Amino acid sequence: MYPANVAYHRASSVAEAVELLAENEDSKLLAGGHSLIPLMRLRLASPASLIDVGRIAEIQGISVCGDCVCVGALTTHSTLASSCDLQSACPIVPEAAALIGDPAVRNRGTIGGNLAHADPASDLPTVAVALGATIKATGPNGKRSICAGDFFQDLMTTALDDGEVMTAVCLPAIQAGQGMAYAKMLHPASRYAVVSAAAVVTVEDGRCAAASVAVGGVETAPAKASSVEAALTGNALDAGVIACASAAVADDLAGDAIDDVFASGEYRRAMAEVYVRRALTSAAERAG
Amino acid sequence: MTTRIFSSGIRRREDPRLITGKAAYTDDVTLPGMAYAAILRSPHAHARINSIDTSAAAGMDGVLAVFTGDDINAEFNPVPCAWLVPNSDLKTPAHPPIASGVVRYQGDAVAVVVAECRYAAEDALELIDVDYEPLPVVIEPDKAMCDDAPQLHEDAPNNQAFHWVMTGGDVDAAFDDADVVVGERILHQRLIPNAMEPRSAVAQFTQATGELTLWSATQNPHIARFLTHVVTNLPEHKIRVIAPEVGGGFGSKIPYYADEVIAIFCAIKTGRPVKWTATRSEGYQSTIHGRDHVEDVELAADSDGNITGIRAKVWAGMGAYLSTAAPGIPTILHGLMYSGAYDIPNVKADVYGVFNNAVPVDAYRGAGRPEATFLVERLVDKLANELDVDPADVRRKNFIPAFEDGHDVATGLTYDSGDFAMSLDMATEKIGYQELREEQKRLRAEGKYIGIGITTYSEICGLGPSQVAGAVGFQGGLWEGAIVRFHPSGKVNVAIGSSPHGQGEETTFAQIISHELGVDVDDVNIMHGDTSQTPMGWGTYGSRTTAVSGAAVAIAARKIKDKATQIAAHLLEAAVEDIDYENGNFFVKGSPDQAKTIQDIALMANVAWDMPEGVEPGLEASTFYDPPNFTYPFGTHIAVVELDKDTGRIDVNRYLACDDCGPQINPMIVEGQIHGGVVQGIGPVLCEGAVYDEDGQLLTGSMLDYALPRADMFPEIETSSSVTPSPHHPLGVKGVGETGTIASTITVYNAVMDALKPFGVEKLDMPLTPEKVWRAIHANGKEN
């Protein structure tokens, strides 16, 4: 638990952070530090320098503008979990954020750090994919937007370039007739998701007009459950339809499943069906 | 009217400093000129060390010295094993503080760096070049004894550390004549103790005086001092061991570790005080583990359900070396408890201690007794299943009848007092057992599955008579010293040889003094943990501190009372036999208004202006209490669990603990001990366990993977108690530190098996993770 020597720089703006990233070889951005610092303390990561973005005011906080909820990359999990604005505009985010780690972790960890770290067992990537969130980043060549579906590429690998700083996550606000829910099997030690599911359903005239479902914890990146979505669309969301649609998640999880001491790949796949069903059941109830 | 202080749940005086971060632990010790040690640990579970090159590390800025096994082993003796169980063909291969030639577990020390700061020491570790030649590895204890198993020690053929057999009655005849035999293979996975404070040592050697001071996170500083002498050859009177605040131990801070020895060696060689503190993940690889049993167990009974015999063959993993008390755990503290709460005439334990390529195993809360209670209570439940009778009824049928002053069981122990039927009745009534069984039936019809588990246990604690300690090979005594000293102002210091580290004896021992002598609890200070300030004692473990050290405190207080009576008689110009005592006042019978208080007498004794003839000044007494027998707490625990059929997850819905530890000095502390013990015992059932891969790599190497039980896993724990005093103890108390752990593992395990009964599942290895349960209920097909 004693990290190797590391140089430390503090950025006071996004522009400065981008500059520092360019200037310092083998550098890492430091936000809440809840993924990076443990790796450094175990000497599994030994970057030459850290660029602390933790005090950049312009990328903190939550704002709701019409149909879009803009969450600054440095917003902590505890802020997400307790935000009234989010609770009404995008309630699945506080629901998931409240299940991250423990209070100490939630007080330091940030949405930007969490998404950028792209741990497949993490909660917010799955939610971001189900919501169709947009990730905003600034780099040496200016600003760009990346949709969540393209952002998570592989195990701890994202579409962010080395020189880029994530600035915000834009979430679509909940619409009339929509319900959203997150269901998670907690790992008893790490509190990460063994398996999780995020579901957003839109009900019109008693039938599912649109559905978006993502599964976390099973594959190396959040999996979009398009077979489940297809089986829901056009149907009344009763228990039978939900159960049937949930079973279709097997078709959406064709890649290699994560397999560890606690849970095998086979079990994770089986649990994906259970947690998709649970998330859909709650989401359908909430859609009313 | 004075407040009754004995049996009062007053708040623990230890807590304000502990919960506000004001307590000072070993790692808080900072000395002028202090240097820091970091230990290089083997990444291999078994390997030959062909060469070690420390030159680059030694040349690094800030590095004072680098030592290897060749350096330390030339001057110090091996780390000793101190429980040499007799008649067991015990082998004690040398355990060098730093490995020489061969490493035998992942985490075995290979070298140590001493540097100006810990960061520099850690950097230097990365520069040490070790050429390892990996050797074959064996982890499972039963496989380690197979013919073709890799061998750990030349002087322990077949990896056998010992073979211990205990028989009572004629167990073979009991099985030959049995109507019913039930059996099972039970695995107790390795557990990793997680005291909140990691282990730590600071060593300071003063060349000019030849004095060594060792601050150490230990549960038994006097043992640590003695063993420091044994290893270093430094004279014992020049060694001082201080256990400052110790942040929990659960047994893991009983052993004398190589790491302390390394810190001492570094301090002597560098002439600087040296601190070493384990990181959490380092602790996982170097602090003892618990359990690691493979057991084949059987029970014989007649067709009416009368139990006639129990026998077990046990392979107990010892790890790569024998830790301080290791051989005594699966033998004396395990096999002798096979009678449980039952009148079983024939018992046999056949125990192999086995070396395997893993962290050494030693006492972990309950130490041998949770495993014993587990196998007895598991077999009793299996018998009930086999005969299709209620598990509570089969227990009632076989209980030892109530006894107040001794009952001999087939294992050779004499239980002190117990009333098991009363305990079971109390628990079943309190939880509404019959209603629960009916609810279970109703829920099953709805496709919901709850399970009910019952345990009635008897446990052995208050270790113990020193003569017995000697007879069973424990290389020490098990008595405790106490000194009670009144100051002129009437305030009291009590120095004890035991070493509380979270159990609350600073509070409860003050309650004993207050109860015995009528002084305010706040006027009593309990001193412990420093060998230079406390009388000899053998430490805090085995639920013995209140039972043994507390008895010493009570007896010393009674000696004070005797002397105070003499002084009071003199001052009141009366005969000693005419003096009455009540609540700290000494008075002539019938004249309580003319009393001398204990404070009056303390002042007179200290100034000594007017003492009775032949009576020495001072008001101080010391005692060395050697218990005449062990104490045997008992009780009944009942758990209700619920299965989530979709996922295999088990939830504990209710947990009731009815314990009898004799009179309770402080019921709040008793309840706290039970809560902690229960939770610690349930962890291994549901989630907790060390996992090694076949190469001996610890896969659960940090808290990211090693699942400790958490508060949100538990319902409010219900507690209740009965009071059956120990007939031989001055206060009647028995001890309660381990009862929760001893009872809860099997209580919840049996409850889960009860819930899974409709699925035809009879056995699963712990921990019962959701996947394991899910697979079991699917593998066995539909509910029947």
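Tutor: What follows is an account of some loops in chain B, with a short note on chain A at the end. The model is predicted, so local features need pLDDT of at least 70 and side-chain atom pairs count only at pLDDT 80 or more, while totals for chains, interfaces and linings use all residues. Residues are numbered from 1 along each chain as its sequence is written, chains are lettered from A and ligands numbered from 1 in the order in which they are written, and side-chain values use heavy atoms, with hydrogens and water left out.

Start with Asp304(B), in the loop between strand E13 (290-301) and strand E14 (307-319) of chain B. Helices (H or I, at least four residues) and strands (E, at least two) are DSSP runs, numbered from the N terminus. Asp304(B) counts as exposed because its relative accessibility is 51%; buried means under 20% relative accessible area, exposed over 50%, and partly exposed in between (1.4 Å probe, protein chains only). Together with Asp170(B), Asp176(B), Asp177(B) and Asp179(B), Asp304(B) forms a negative surface patch. Patch residues have over 30% relative accessible area and no salt bridge, with like charges joined within 9 Å and nonpolar side chains (Val, Leu, Ile, Met, Phe, Trp, Tyr) within 5 Å. A salt bridge is a side-chain nitrogen of Lys or Arg within 4 Å of a carboxyl oxygen of Asp or Glu. Areas are from the Shrake-Rupley method with a 1.4 Å probe.

Next, backbone geometry. Most residues other than glycine have a negative phi, and most peptide bonds are trans. Asp89(B) has a positive phi, near 55 degrees. Asp89(B) sits in the loop between helix H3 (69-73) and strand E4 (102-103) of chain B, and its relative accessible area of 49% makes it partly exposed. Asn233(B) also has a positive phi, near 70 degrees, in the loop between helix H7 (221-232) and strand E11 (239-242) of chain B.

One joins Leu463(B) and Gly464(B), with omega about -15 degrees; Gly464(B) belongs to the loop between strand E18 (449-458) and helix H14 (466-471) of chain B. The other runs from Met766(B) to Pro767(B), with omega near -5 degrees, and Pro767(B) is in the loop between helix H19 (739-756) and helix H20 (770-779) of chain B.

As for chain A, it has 13 helices and 14 strands, and 53% of its 288 residues count as buried.

Technical notes. Lys, Arg positive; Asp, Glu negative; His and termini not counted. Charge placed at Lys NZ, Arg CZ, Asp CG, Glu CD.
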